[in-house]
Amino acid sequence: MNIIVESIMLNCKDGQAKVEFARQLSFFHGEMGTGKSSVASLLDHCLGGKLERTPALRSELLSVQMQVTIDDTHALFERVMTDPWNVRVSWRTGSGPAQSESLPVKASKNPIIGDDIFGLSDLILRFIGIPVMRVRKRSYDPESDLVRLSFRDLAEFVYLNQGDLDSDFFLLGVPIRMEKSKDALHFFVGYMSERLNDLLQKLQDVRSSQRSKREAAGQIEAFLRQFEFESVDRLNEEIMKLESDIEKGEAGLNAIRNGISPVRTVAEEERTAIKQASERVAALAGAISDTEMRILEQEELIAELVSMKFKLGRASAATALLEGVNFENCPACGSEVQSPTQVGNGGCYLCKQPVAPKDVGSTAEIYRQDIDERIDDLKQSVQRHKRALQRSASRLDIARHEMNGLERQIADRVHSYESEFLARSRSLERRIAAARERISFLERVKEMPAAVGRILKDADELSSEIEGIKRSISEEEAQLTTAESNFKCIEDNYHEILLSIGFPGVSPEDVVVVNRKNLIPEIWIKGDEPKKWTFFDAGSGGKKTLLKICFALALHKTAAERGLPVPRLLIIDSPMKNITPDVNPAIFERFYKELYSLLEGPLKDWQCVVIDQTYFAPEPGKLISTSRLMKQSDPEYPPLIPYYTGP
């Protein structure tokens with residue numbers, strides 16, 4: 001998981017500018033406006049971050065290239081300023097073949113490389129040996145969908161940028177982003193594993209499959225209800241009726257062939273049929289109109305009942321407000337009330353009428369329940385009427401189609417001449433063919449209710465599989481016992497680092513506790529929890545800056561000691577952002593001595609990039625380090641873009 005940044009190359013309009021980095025410590029310092037912070041921002045930009053477009057970068061920079069070595073992989077990251085959405089990555093692993101691919105910063109819907117690389121983040125995670133993890137979108141909701149935990153989420157603890165050092169604590173106080181930061185910390189300390197990730201992904205896939213099956217069954221059922229095919233018995237009944245019609249039609253054909261003449265002619269039968277069809281159309285149209293009127297009336301009644309609930313609420317509030325009020329003057333005429341006492345047993349002192357004792361609250365609750373039940377009944381009735389309306393509309397369409405067909409037959413007969421024998425034969429054959437076609441269709445439809453049953457059965461069977469996966473998830477989470485000890489180690493290291501740099505207001509008797517719910521470190525004064533304070537109420541911007549940086553150092557130190565999957569790269573932009581070295585020289589010196597001590601010891605395999613105004617040199621020969629002084633208009637100590645002289 002070693003990430004060693006070797007260099008970045010800026011391709012500008014009037015030349016190139018190269019920045020080289022040391023294996024352990026690279027320190028950039030100097031005047032304002034020389035591009036110190038841009039060095040860190042460009043490193044982050046090549047790893048998928050958003051670049052802060054300073055005037056110099058906006059006017060001069062064309063593209064940037066970053067060369068890195070990640071374990072045994074040599075890679076070149078290239079970003080073109082005109083393409084903010086993609087990063088070109090070229091790499092070679094060991095003695096394998098060289099590869100190059102343009103990858104989207106935001107993961108695409110389809111894989112770019114193989115089956116598991118959907119974007120830049122996935123490739124970086126592969127390079128550093130971290131599997132692509134998926135976490136719940138809302139950690140408090142076990143039913144929440146899974147989303148990818150990207151390298152950008154982990155990078156929040158790798159790149160400490162100047163703008164956010166004293167304004168946020170690793171996004172743990174930002175409502176929209178804090179879930180991902182918490183997931184990243186949980187991943188670091190061991191609350192996640194590859195098996196747990198696989199189980200969570202499997203759970204989401206099975207739930208998605210179950211949801212799809214139930215939605216498909218619901219859609220099929222809605223189609224069957226619309227055309228009254230929801231019951232196999234109903235379909236068999238219609239098939240039997242059609243088979244009976246076929247038998248009658250075939251009997252009529254045999255009678256015609258045997259010379260038996262029917263009582264009525266074909267024209268008379270068709271006129272009778274069209275009259276009956278017209279009556280059915282009119283009856284169905286009337287039924288639809290009545291149903292629509294009934295739905296409208298019931299919806300209006302629901303609205304009235306809802307209004308009544310509001311009135312009841314206001315009346316109850318007024319009753320509660322006036323309860324126990326004694327009137328000194330009559331509210332009707334304004335005369336003074338002589339005896340503000342009750343008369344008789346239960347009589348009202350104001351109107352002198354007997355008043356039965358009432359439990360206003362209970363009465364109002366009874367009314368409220370009655371209204372709610374009536375509203376629910378009406379809603380169910382409206383739904384039933386709407387389903388009936390849908391069925392009636394389907395029947396009306398069919399009846400109109402049949403009537404139009406009969407009208408066309410009569411019109412055709414007017415314009416053509418056929419003998420009674422031929423006309424009746426064609427009419428019967430047409431009916432028989434239509435009935436047989438309808439039977440064939442219904443036989444196919446008969447399979448659909450059974451299919452719905454099978455789909456729902458399959459969906460129900462998935463419930464037991466889901467419960468089994470949930471049990472496996474609970475068992476896997478219970479085995480992740482090292483996370484708690486890792487958190488304890490972070491707390492101890494955090495306290496130790498704060499003491500080492502002489503952080504104001506922190507003593508050896510204080511206790512550092514990482515709140516397990518929001519993951520924000522709390523400092524309990526002399527172990528007293530009610531007297532705790534955190535980053536968000538530290539007050540001073542300088543104290544906030546140091547609190548954030550020291551926590552990052554504690555996390556990386558714990559990762560080195562306990563083998564946590566934290567990338568071995570740390571970029572700190574302006575650790576003395578709100579601390580003046582000449583006013584606070586002790587803190588300035590102790591901080592850098594502590595940082596260098598960590599890089600010499602536990603973090604010896606880490607690469608650290610520091611940007612600050614004032615340089616504090618490590619002891620000679622202790623670290624593999626380099627420093628660069630940057631000044632405006634100074635050829636010996638040039639700014640990031642040497643020829644640039646603008647703002």
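The following questions and answers go through a predicted model of one protein chain.

Visitor: What conventions apply to the model and its numbering?
Guide: This is a predicted model, in which local features need pLDDT of at least 70, side-chain atom pairs count only at pLDDT 80 or more, and totals for chains, interfaces and linings use all residues. Side-chain values use heavy atoms, with hydrogens and water left out, and residues are numbered from 1 along each chain as its sequence is written.

Visitor: How many helices and strands does the protein have?
Guide: Helices (H or I, at least four residues) and strands (E, at least two) are taken as DSSP runs and numbered from the N terminus. On that basis the protein has 14 helices and 16 strands.

Visitor: What percentage of the residues is buried?
Guide: Buried means under 20% relative accessible area, exposed over 50%, and partly exposed in between, with a 1.4 Å probe and protein chains only. The protein has 647 residues, and the buried part of them is 41%.

Visitor: In the open sheet, what is the order of the six strands?
Guide: Strands of a sheet pair through backbone hydrogen bonds, either parallel or antiparallel. Two strands count as paired if DSSP finds at least two bridges between them. In this open sheet the pairing is antiparallel, and the order is 2-1-4-5-6-7.

Visitor: Which strands form the edges of that sheet?
Guide: An edge strand here pairs on one side only. From one strand to the next, the twist of the sheet averages 20°. The edges are strand 2 (15–20) and strand 7 (99–104).

Visitor: Which residue in strand 6 stands opposite E78?
Guide: Strand 5 (residues 73–80) and strand 6 (residues 86–93) pair in the antiparallel sense over six bridges. The residue of strand 6 that stands opposite E78 is R88.

Visitor: At about what angle does helix 3 run to strand 6?
Guide: Axes are lines fitted to C-alpha atoms, for helices over the stretch in contact, and angles run from 0 to 180 degrees between N-to-C directions. Contact means heavy atoms within 4.5 Å. Helix 1 (residues 36–46) lies across strands that include strand 4 (61–70), to which it runs at about 75°. Helix 3 (residues 120–127) lies across strand 4, strand 5, strand 6 and strand 7, and its angle to strand 6 is about 25°.

Visitor: Which backbone nitrogen lies 3.4 Å from a polar atom of the S41 side chain?
Guide: S41 lies in helix 1 and counts as buried, at 9% relative accessibility. Beyond its neighbours within four places in sequence, S41 is in contact with K50, L51, E52 and Y159. The C-alpha atoms of S41 and E52 are separated by 6.8 Å, although the residues are eleven apart along the chain. The backbone nitrogen at 3.4 Å from the side chain of S41 belongs to E52.

Visitor: How many salt bridges does a search of the whole structure find?
Guide: Side chains of opposite charge can pair when their charged atoms come close. A salt bridge is a side-chain nitrogen of Lys or Arg within 4 Å of a carboxyl oxygen of Asp or Glu. One network of salt bridges links E484, E491 and R516. The search of the whole structure gives a count of 15.

Visitor: How many residues apart in sequence are the parts tied together by K577 and D166?
Guide: K577 forms a salt bridge with D166, with the closest N and O atoms 3.0 Å apart. K577 lies in the loop between strand 14 (569–573) and helix 14 (585–600), and D166 in the loop between strand 10 (159–160) and helix 5, so the parts they tie together are separated in sequence by 411 residues.

Visitor: Is D153 buried or exposed?
Guide: D153 forms a salt bridge with K180, the closest N and O atoms being 3.2 Å apart. The pair joins helix 4 (residues 151–155) to helix 5 (residues 178–189), 27 residues apart. K180 is partly exposed at 24%. D153, with a relative accessible area of 8%, is buried.

Visitor: What is the phi of K526?
Guide: Most residues other than glycine have a negative phi. K526 lies in the loop between strand 12 (521–525) and strand 13 (528–533), and K526 is exposed, with a relative accessible area of 61%. Phi of K526 is positive, near 55°.

Notes. A polar contact is a pair of N or O atoms within 3.5 Å; within protein, one must be able to donate a hydrogen and the other to accept it, and residues adjacent in sequence count only if both atoms are side-chain atoms.
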